[in-house]
Each structure stands twice: as C-alpha cells, then as structure tokens.
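Look through the sequence and the model below.

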Amino acid sequence: MPDRAARLNNLPVYFFAVIAQRIQAMQAQGIDVISLDIGSPDLPPPLAVIDALSNSAHEATTHGYSGYRGIPAFREAVARYYKKRFEVVLNPEKEVLPLLGSKEGIVNLSLAYLDRGDLALVPDISYPSYSMGARLAGGDVHWLPMSRETGFLLDVLSVPDAIADRAKLMWVNYPNNPTGATAELDFYQTVVDWSNKHDILLASDNPYVDVTYDGYKASSVLEAKNAKNCAIEFMSFSKTFNMGGWRLGAAVGNADVIKTLLQVKSNVDSGHFRPIYDAGIVALDSTPRSWIDERNTVYQRRRDRILETLPYIGLQAQKPKGSLYIWGCVEDGDGDKYVNQTLDQAHVAFAPGSAYGSGGGKYIRISLGISDDRLEIALQRLRDWYPNRKDSN
Ligand SMILES: Cc1ncc(COP(=O)(O)O)c(C=O)c1O
C-alpha cells in the first residue's frame, strides 16, 4: 500500500475509539464493565419524534436525496426554535445549515477557514474535534488556558494582540464538555466584541444548551449584540432530544460563514435522509419544555448521587449547572492512573481529563448518561475499590 497522507501524523487515533476497544476486549473475557466515559444520553427521544421518523419513512417520496441544505421546512423549524428559545431572529435561507451531527460541521469549519499555518484559538481543555479539525486542515493551534480558579471561563482579554491578530478562528463551548462550566451573556458579549475587533471567526459549540440543572437557563452566543458579524453557533439534537445516533445538528449565524461551510459540505456529503429532517422538525416544534425539564431532573439526580460519593473515592468536583458531566479532580493529581485503575480493578470506565488537552491531566470526566441502577452498582464498586486500591498504573 502507498504511504498514508502525512496530515494524519498530527492526528492521534480518536481517544474514545481506543477505550471502546479496551472495554470490548474486557467484555469478551466476560467482565462486566460499567461505562461512565461516554457522553451519550441513555434515555430515548420523545415518542412523537420516533413516530414522525416512521411515518415519513413510510412515504414513497421521502427516499431520494433531500438537498445539500436539507429541506426548507427544517431550516424554518431551526429558525423558529432560535426565536422561541433565545429571541434570536435567523433567516432560514441564509443563516441556517443542517449538519450530519454537529461534529461534522465542527471539523468542516476548520477545513473551510484554515490553510497551512493559519491559527485557531482552542481552549486547552476542550472537545477534541476543535483542535483535530485545525490539524486536519494543516492549521496551527494556540491553546487558551482554562482553570478551576476562573470557573473554566476563557479570558480572551489576556490573549496577546499579536496572537489575536494572527488568529482566524476561535472556539467556545458553554455549558462545557468536559468541565460542566457555564457562561453568562456578558461573557459572550466580551468575546463577540473582541472577535469583531480582531476579525476572528467565533465558533460557539452549544450542544448542551438545554441540558441544565437547578433552574439554570443557558444562553446562545447569538444573543450578544453584533454577534452575527463574527459568530456561528453549532446546535445539536444529540443531547437536547436524546438523539445522538440520529446525527442531526445545524450551524446557525453569520451568512458568509454558512455559505462557505456549505461549499465544503456540498462537495463532501449530500445531506440527510428526509425522514430525519421531518422528525427533527417535530422535535423542535412539538417537544414540550416539560419533557426537557423532566429529563434534566433525571440527570440532576444522578449528578447529586455522584457528587455525594466523590469524597469516598478520592475525587473533588464543583457542582455543574449544565452539560452531561462531572469534572472530578483526582486527589494525587494523576487522572490517567486513576482511570486505568478503576477500569482494571473496579471495572468502571471514565474518560481521563488528559484526552481533552494538557490542562486536563489532574482530572477525570464522569458521564451522567447511565441508567440509575447501573450507576448505583458503579458507585458501590468504586466505594469498595478505593480503600483497597492497588497501586498500579
Ligand atoms: C462539546 C461537544 N460538541 C460537539 C459534540 C458532537 O455532537 P454531535 O452528536 O451533534 O455530533 C459533542 C458530543 O459529545 C460535544 O460534547
């Protein structure tokens, strides 16, 4: 075989693919591993959404290609959702683009804007696709520090002008994966003003905007003044409506960016299966807020059960107001060792903080996407394991 492309040398194998293989190997030996590593909702989508998929799939006319920009009715439903949820007005023709899951759009945005040597600003604890997309495009990454002391909020005003003026693209994500941090509108306003000043494309990745606790309501970057001059937001059905496997999302915001992203996408994919769009419309238009609130109550209960247990298993964490995760700080500061030990000795899988960047080494990420009964078994195993843990790596 010929050599593979050199650009892959900068691209590690996706962490979750590696851990999934390890878990599968353990399961093949008959070991019951409990996975608290994956950020995938365990509960089903609203029934009306499944019915809409099925009804649409039974139509004879829904099986052809459905267009590079999806169907107009879907784009209009996204615009209605932004108006209702955030008071943000979007032009469905120019400011909304359906995605095959937001991950696809995140990586394609880097391909659309970064040439070799172009700079992307990426939080040093973040969802890996921001930096991987930049590397795949041949771009450079400048890491923005995130720390517990500042609530894991980025401080853009401390970025040197020389870096800011070179940067083309910047990523923000609140409610945050993996830290669970949240950001208020004044944060978004600061970042929008700063991005406009330095001519940076601001990408807000917002899949957890409707996964929040204790009555907290998260914002969209597009609520900030002049946001559409510089910003685009990624929305996802995966976490809001428990539809991770459906691969449905959208990019919304600056019309030029939407057009440029479409230029990449229309050369790469041919849009979604029409019934998925039809079901997405029902999810956006017909899911009562009470459905989302009830689902969030389930996560909140799990969050609190885990937080109660942390002092007994060598972890500390702040109480997250949003996202699907608890970001546990490991007592001896070695997140990788902790994850290896819990997997080998207690058969409980976590994601090591180091998978999210160099700032994450002391942490592990615990997912709330696990059934209550499995979670209880996992917590009991961890409580039994911790006082008797064997010191291996
Ligand atoms: C921060 C963040 N962005 C994007 C995604 C990708 O979501 P999607 O399923 O829409 O591709 C995830 C998935 O876990 C995520 O945590």
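Is F234 buried or exposed? F234 is buried, because its relative accessible area is 0%. Buried means under 20% relative accessible area, exposed means over 50%, and partly exposed is in between, with a 1.4 Å probe and protein chains only.

## About the model

This is a predicted model, so local features need pLDDT of at least 70 and side-chain atom pairs count only at pLDDT 80 or more, while totals for chains, interfaces and linings use all residues. Residues are numbered from 1 along each chain as its sequence is written, and side-chain values use heavy atoms, with hydrogens and water left out.

## Aromatic pairs

Rings of Phe, Tyr and Trp (its six-membered ring) pair if their centres lie within 6.5 Å; planes under 30 degrees apart count as stacked, over 60 as edge-to-face and the rest as tilted. The count comes to 18 aromatic pairs. One of them joins W171 and F234. This pair is stacked, with 5.8 Å from centre to centre and 25° between the planes. It links distant parts of the chain: W171 belongs to strand β5 (residues 167-172) and F234 to strand β7 (residues 231-236), 63 residues apart. Helices (H or I, at least four residues) and strands (E, at least two) are DSSP runs, numbered from the N terminus. W171 counts as buried because its relative accessibility is 0%. F234 is buried too, as stated above, at 0%.

Y338 and W385 make an edge-to-face pair. Y338 counts as buried because its relative accessibility is 5%. W385 counts as buried because its value is 6%. Elsewhere, ring pairs link F74, F237, F241 and Y277 into a cluster.

## Charges over rings

A charge sits over a ring if NZ of Lys or CZ of Arg is within 6 Å of the ring centre and within 35 degrees of the ring normal. R383 lies over the face of Y312, 3.8 Å from the ring centre. R389 lies over the face of Y386, at 3.9 Å.

## Around the ligand

How many residues surround the ligand? There are 15, and the closest are N177, D205, Y208, S238 and R247. A residue is near a molecule if one of its heavy atoms lies within 4 Å of it. The shell divides into 5 nonpolar, 6 polar and 4 charged residues. Here Ala, Val, Leu, Ile, Met, Phe, Trp, Tyr, Cys and Pro count as nonpolar, Asp, Glu, Lys and Arg as charged, and the others, Gly among them, as polar.

For S102, a side-chain N or O atom is 2.8 Å from an oxygen atom of the ligand. For N177, the distance from a polar side-chain atom to a ligand oxygen is 2.7 Å. Y208 also has a polar side-chain atom 2.7 Å from an oxygen atom of the ligand. Taken alone, the ligand exposes 400 Å², and the protein buries 92% of that. Accessible areas come from the Shrake-Rupley method with a 1.4 Å probe; for residues, only the protein chains shown count as cover. Helices α4 (102-113) and α9 (237-240) are the elements that give two or more residues to the shell. α4 gives the most, with 3 residues.

## A buried histidine

H198 is in helix α7 (residues 185-198). H198 counts as buried because its relative accessibility is 6%. Its side chain makes a polar contact with the side chain of D165, at 2.7 Å. A polar contact is a pair of N or O atoms within 3.5 Å; within protein, one must be able to donate a hydrogen and the other to accept it, and residues adjacent in sequence count only if both atoms are side-chain atoms.

## Backbone exceptions

Most residues other than glycine have a negative phi, and most peptide bonds are trans. The bond from Y174 to P175 is cis, with omega near -10°. A cis peptide bond also joins N177 and P178, with omega about 15°. P175 is in the loop between β5 and α7, and P178 is in the loop between β5 and α7 as well.

E87 is not a glycine, yet its phi is positive, about 65°. E87 sits in the loop between α3 and β2 (96-99). E87 is exposed because its relative accessible area is 60%.
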